[in-house]
Amino acid sequence: MTGQPELVEGGPSELRAALERLRLGGAIFLRAEYTDGWSYESPPAEDLIGLLQPDARQLILFHIVARGGCWIEIDGGERHWASEGDVIVLPYADRHRMGGSSAAPSVPIASLLDPPPWDRLPVIRHGDGGPRTDIVCGYLHSVDPLFDPAMQALPPVFVVRPSSVASQWVRASIDYALEHAAPPASVSDSAVATRLPELLLIEILQQHLSTAPAGDQGWLAALHDPILAPAMSLIHRHPERKWTVSELAGEVAVSRSVLDDRFRRILGRSPIRYLADWRIHLARDLLANTEVTVGAIAARVGYDSQEAFSRAFKRASGSAPSRWRDLRRSR
């Protein structure tokens with residue numbers, strides 16, 4: 001999808017509208033047939049990125065339960081259960097474990113797969129021969145702050161029972177995975193295969209966000225906060241302004257100390273740190289998706305000079321802007 005990446009200033013309805021402007025890419029990459037008892041452990045997010053989308057900064061994983069039922073948990077988190085037709089979402093691709101109703105030792109999922117490259121869509125068959133659970137796995141990648149682990153806009157794992165609309169995309173994704181055995185590289189080149197996960201994720205997120213509580217911390221909480229929401233909106237609309245905490249506080253009619261405390265308590269960073277992070281996010285998007293010069297980008301996101309912008313960008317991204325753009329486009 002296209003459009004300037006944008007955080008929004010209000011609650012769930014505005015956030016759902018923002019989903020429609022996301023830039024997403026990805027594919028269905030795996031299907032599995034597990035028989036009770038079974039359990040596996042995923043690799044860390046950085047290993048999955050290297051395997052599935054080496055040029056991505058972050059991945060979103062989803063598992064569609066096509067048959068049966070299973071549980072999923074991340075380190076230190078509670079166990080979630082899912083049944084046929086449910087969609088499990090891991091918005092930050094956290095390392096996780098999945099299993100069936102009977103206890104079973106957890107094995108690395110890599111041990112159940114042939115090493116890549118694959119000439120067919122991988123199919124895992126694993127378990128002790130009990131009742132069967134079928135799962136279709138997909139991934140998407142995006143640079144949007146919604147999926148930035150530092151923002152914590154979403155819980156690290158959640159299960160959604162699709163509505164009647166979303167269930168159509170679930171069924172289409174399952175059918176596609178069952179009917180096509182192309183290798184993942186070919187699948188991700190297919191407009192149909194890419195579009196299915198994209199539409200599915202947007203529908204599922206819309207449904208989840210319509211009922212999810214904002215919580216006490218993180219991006220969703222900030223979007224519901226009467227002080228933070230308008231302050232963030234000002235930063236998003238005018239990143240080029242030389243904002244100070246006092247100026248932002250004056251715009252939203254609170255004291256400097258109240259605004260600073262609210263940013264640190266809910267978003268885990270000062271207002272000026274949030275401004276700097278937002279500028280770098282916008283700069284990455286412009287470098288990746290436009291031909292705007294580095295100097296023009298520097299001015300657009302609020303830096304007095306190209307040199308100052310380049311230093312800040314390199315600290316945040318590991319490469320100077322021109323180098324970062326070249327590396328991204330060469331992959």
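Residues are numbered from 1 along each chain as its sequence is written, and side-chain values use heavy atoms, leaving out hydrogens and water. Because the model is predicted, local features need pLDDT of at least 70 and side-chain atom pairs count only at pLDDT 80 or more, while totals for chains, interfaces and linings use all residues.

**View 1. The buried face of helix H2.** Look at H2 (residues 45–52), where Ala45, Leu48, Ile49 and Leu52 are buried (under 20% relative accessible area, 1.4 Å probe, protein chains only). Down the axis of H2, these residues fall within an arc of 105 degrees, so they line one face of the helix; the arc is taken from the directions from the helix axis to the C-beta atoms. They pack against strands S1 (25–35), S3 (59–67) and S10 (132–141). Helices (H or I, at least four residues) and strands (E, at least two) are DSSP runs, numbered from the N terminus.

**View 2. Helix H7 meets helix H9.** H7 (residues 228–237) and H9 (residues 256–267) pack at about 90 degrees, with axes 11 Å apart. Axes are lines fitted to C-alpha atoms over the stretch in contact, and angles run from 0 to 180 degrees between N-to-C directions. That makes H7 roughly perpendicular to H9 (65 to 115 degrees). Leu228, Ala231, Met232 and Ile235 in H7 meet residues of H9 including Leu259 and Phe263 (heavy atoms within 4.5 Å).

**View 3. Around Phe263.** Leaving aside neighbours within four places in sequence, Phe263 is in contact with residues including Met232, Arg269, Pro271 and Tyr274.

Note on methods:
Buried < 20%, exposed > 50% of the residue type's maximum accessible area, 1.4 Å probe, protein only. Parallel < 35°, antiparallel > 145°, perpendicular 65-115°, else oblique.
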